[in-house]
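Student: I would like to learn how to read the features of a structure that is new to me. Could you take me through it step by step?

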Amino acid sequence: MIDLRSDTVTQPTEAMRKAMAKAAVGDDVFHDDPTVNRLEEVMAEMSGKADALFVPSGTMSNLVGLLAHCQRGEEYIVGQDYHTYLYEAGGAPVLGSIVPQPVPVEADGTLDLNKVVGVIKKDDYHFARTKLLCLENTHNGKVISLDYMKQAYEFAQSRGLGLHLDGARAFNATVALGCNLNDMAQYADSVSICLSKGLGAPVGSVLCGDKDIIKWARRWRKMVGGGMRQAGVLAAAGIYALEHHIERLAKDHAKAKILAERLSQFEMLSVKPELVQTNMVFVKAELETAQQLAQFLESKGIRIIAGETMRWVMHLDVTSEQLDYVCQQVEAFFSSL
């Protein structure tokens, strides 16, 4: 199957599997798995942070990051459509008793800091204490500029807030911006980075921050069941991805642009190629058309998620030849109507 549902569907390459098979392992809960320790050292260095923590998932990385910043009854300000608010099952308020304060996300994926000002609570025991600002880069494939990141970080500092960055696809952002990870991470107190999306590792995320944040995050990781034992076999995949799969993300971005341009030729689809910045193409269609298209493509070995707004994602398992095949089958579908 050609799977366009997400970049989380990537399969480990043969070379990555060999690296996993050869990984030296220990017990990570005792902090003596050498490959996990190496991954954390590499990510801390790349992000310019003092420390890092390997966890099973991006959701857990964000969760333990938020809980490392906030105590019970404190508040984090977050985008209404950001992953840390909308797509993580309410973990922060349910498990940590911290309060989300959502604000609308702007068209470019940022938060309007003038709107953020309006929801920061004054120091009054009637209110939850505002403690943290959360951003997301990329957001729905949109890249947040370094200028905005700097502005938001300075804004947060001026109001005594920490800043957590959900950088699930941070390397897509850095490739698009032409910068290094630390150029972006310097404008956040903690950064969550996924290895299992465009980088192609089978599982895992890393939270980067200062020693105190990671100390508390490690405690929370244990509490929520994320303490892993011989996790070096997974960390080895992450190290391989960092060494071999970052620069190639530009190929996914280029393929997404090609896909958007070709899909925009079909009148029953609404696609804006000029908005494609990374590896995601958003396609709008009537729901019935989308469902019929998804069913047709499934029969041709292509998977998408039907909806009035669909996200088609390029990743390392989609070749240029497969991209051509997808576009040919979309054309065949519309020709058959």
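Tutor: Let us begin with a term: two strands pair if DSSP finds at least two bridges between them. With that in mind, and remembering that this is a predicted model, you can follow an open sheet of seven strands in the order 2-8-7-6-5-3-4, with mixed pairing.

Student: Which strands stand at the edges of the sheet?

Tutor: Strand 2 (51-55) and strand 4 (99-103) stand there, each with a single partner strand, so one side of each is left without a neighbour in the sheet. From one strand to the next, the twist averages 20°.

Student: In what sense do strand 5 and strand 6 pair, parallel or antiparallel?

Tutor: In general, strands of a sheet pair through backbone hydrogen bonds, in either a parallel or an antiparallel sense. Here strand 5 (residues 129-136) and strand 6 (residues 162-167) pair in the parallel sense over five bridges, and Leu133 stands opposite Leu163 in strand 6. Helix 7 (residues 146-158) packs on the sheet, where it touches strand 5 and strand 6, and its direction makes about 175° with that of strand 5.

Student: How do the axes of helix 1 and helix 11 cross?

Tutor: Two packed helices are described by the angle between their axes and by the distance between the axes. The axes of helix 1 (residues 14-21) and helix 11 (residues 232-244) come within 8 Å and cross at roughly 135°, and the two helices are therefore oblique to each other. Their contact includes Ala15 and Met16 of helix 1 and Val233 and Tyr240 of helix 11, and its residues divide into 10 nonpolar, no polar and no charged.

Conventions
Residues are numbered from 1 along each chain as its sequence is written. This is a predicted model: local features need pLDDT of at least 70, side-chain atom pairs count only at pLDDT 80 or more; totals for chains, interfaces and linings use all residues. Side-chain values use heavy atoms; hydrogens and water are left out. Axes are lines fitted to C-alpha atoms, for helices over the stretch in contact, and angles run from 0 to 180 degrees between N-to-C directions. Helices (H or I, at least four residues) and strands (E, at least two) are DSSP runs, numbered from the N terminus. Angles under 35 degrees count as roughly parallel, over 145 as roughly antiparallel, 65 to 115 as roughly perpendicular and the rest as oblique. Contact means heavy atoms within 4.5 Å. Ala, Val, Leu, Ile, Met, Phe, Trp, Tyr, Cys and Pro count as nonpolar, Asp, Glu, Lys and Arg as charged, and the others, Gly among them, as polar.
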